[in-house]
Amino acid sequence: MSPPLPAFLLLVSIAFTSASVAPLRPGFYAETCPEAEFIVKDVMRRNMIREPRSAASVMRFQFHDCFVNGCDASMLLDDTPNMLGEKLSLSNIDSLRSYEVIDEIKEELERVCPGMVSCADIIIMASRDAVVLSGGPDWEVKLGREDSLTASQEDADNIMPSPRANASLLIDLFERFNLSVKDMVALSGSHSIGQARCFSIVFRLYNQSGSGKPDPTIEPKYKEKLNRLCPLGGDESVTGDLDATPTIFDNRYFKDLVAGRGFLNSDQTLYTFPETKKYVTLFSKDQRTFFKAFAEGMIKMGDLQSGRPGEIRSNCRIVNSRPVDALLVS
């Protein structure tokens, strides 16, 4: 039996299931900004040439945005004197990067079709394009989101999972958002590209579950490699590859989990937990099935909306200036 929902998660679940929101649809900007999807993909391509790691960084924006009060670009808002945003939350600080890529996309879109394309939709499009340009699956995105008027560091802290999370906790979290076990395992395949810090794994290497010993599920030779990369007392900001092909979106991530070479604890437990192991095994053997499940999961995650009032920001980092009368009415 699942444990009772924490108060915050209960409120989130109620918001997502009861809110009245505008329907999302493919081709939303066909008339108002027909070049939108081309512009997003072109800017992503240029940035990936300059900095290959930007692909993984931008792709993860969809996860970190949509799970916190829906896909509304709240994670892009900078802090203000009256608001602590999500950029310094536990799951984002020293982890998320490449915000400037979204800035560049937004600037180009504002030049071509000002005030039309939301930052929330940019995240959805850019995340998809990061996957495609890395060799992964393509899918048709649904668009028409508005940008939030606020953000909450506390909400991000309360909802986003830790690298120490296990498969059971991840299943529970994803189920709150009507994402199945299969969706969760497929979406964990986002770790097919990118890197993570030693900070996230030193406990696995030297003190798993407070035992003073390493995680016994780590393959011995891989553990030796990780020990050299992340020595006890060393620089925990050093990064390691999440799988053996960190710039190519493929099913190598799942093959590595089967072999005991998962970088993060939250990844490796997907193979040691019975309910998720079958999907890890399936995806490790069949890349096409993984690609299909991943695309389906990203579409479902993109449907998360809170129903809160929104706008189309002209700058993704700040809300638009509004007249005092409008603020009083709202």
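Ser209 is found in the loop between helix 9 (202–206) and helix 10 (220–229), where helices (H or I, at least four residues) and strands (E, at least two) are DSSP runs numbered from the N terminus. The model is predicted, so that local features need pLDDT of at least 70 and side-chain atom pairs count only at pLDDT 80 or more, while totals for chains, interfaces and linings use all residues. Residues are numbered from 1 along each chain as its sequence is written, and side-chain values use heavy atoms, with hydrogens and water left out.

Ser209 has a positive phi of about 55° although it is not a glycine. Most residues other than glycine have a negative phi. Ser209 counts as exposed because its relative accessible area is 72%; the classes are buried under 20%, exposed over 50% and partly exposed in between, with a 1.4 Å probe and protein chains only. Asn178, in the loop between helix 7 (167–176) and helix 8 (181–188), also is not a glycine and has a positive phi, of about 60°. With a relative accessible area of 61%, Asn178 is exposed.

The UniProt annotation "binding site", from an unreviewed entry, covers Asp65, Val68, Gly70, Asp72, Ser74 and Glu86. UniProt positions follow the numbering used here, feature names are shortened, and annotations may be inferred rather than shown by experiment. These residues are spread over 22 residues of sequence, yet they cluster in space, with a largest C-alpha distance of 13.2 Å. Val68 is placed in the loop between helix 3 (54–66) and helix 4 (99–112), and Gly70 lies in the loop between helix 3 and helix 4. Val68 counts as buried because its relative accessibility is 0%; Gly70 is buried at 1%. Leaving aside residues up to four places away in sequence, Val68 touches Ser74, Glu86, Asp155, Ala156, Ile159 and Met160, contact meaning heavy atoms within 4.5 Å.

The largest pocket holds about 1000 Å³ of space. A pocket is an open set of points on a 1 Å grid over the protein atoms alone, where a 1.4 Å probe fits, with protein on both sides within 12 Å along at least five of seven lines; lining residues have an atom within 4 Å of a point. Grid points are joined across faces, edges and corners, and the volume is the space filled by probe spheres set on the points. Of the 37 lining residues, His64, Ser91, Ser95, Pro161 and Pro163 lie nearest the centre of the largest pocket. Helix 3 gives the largest share of this lining, five residues.
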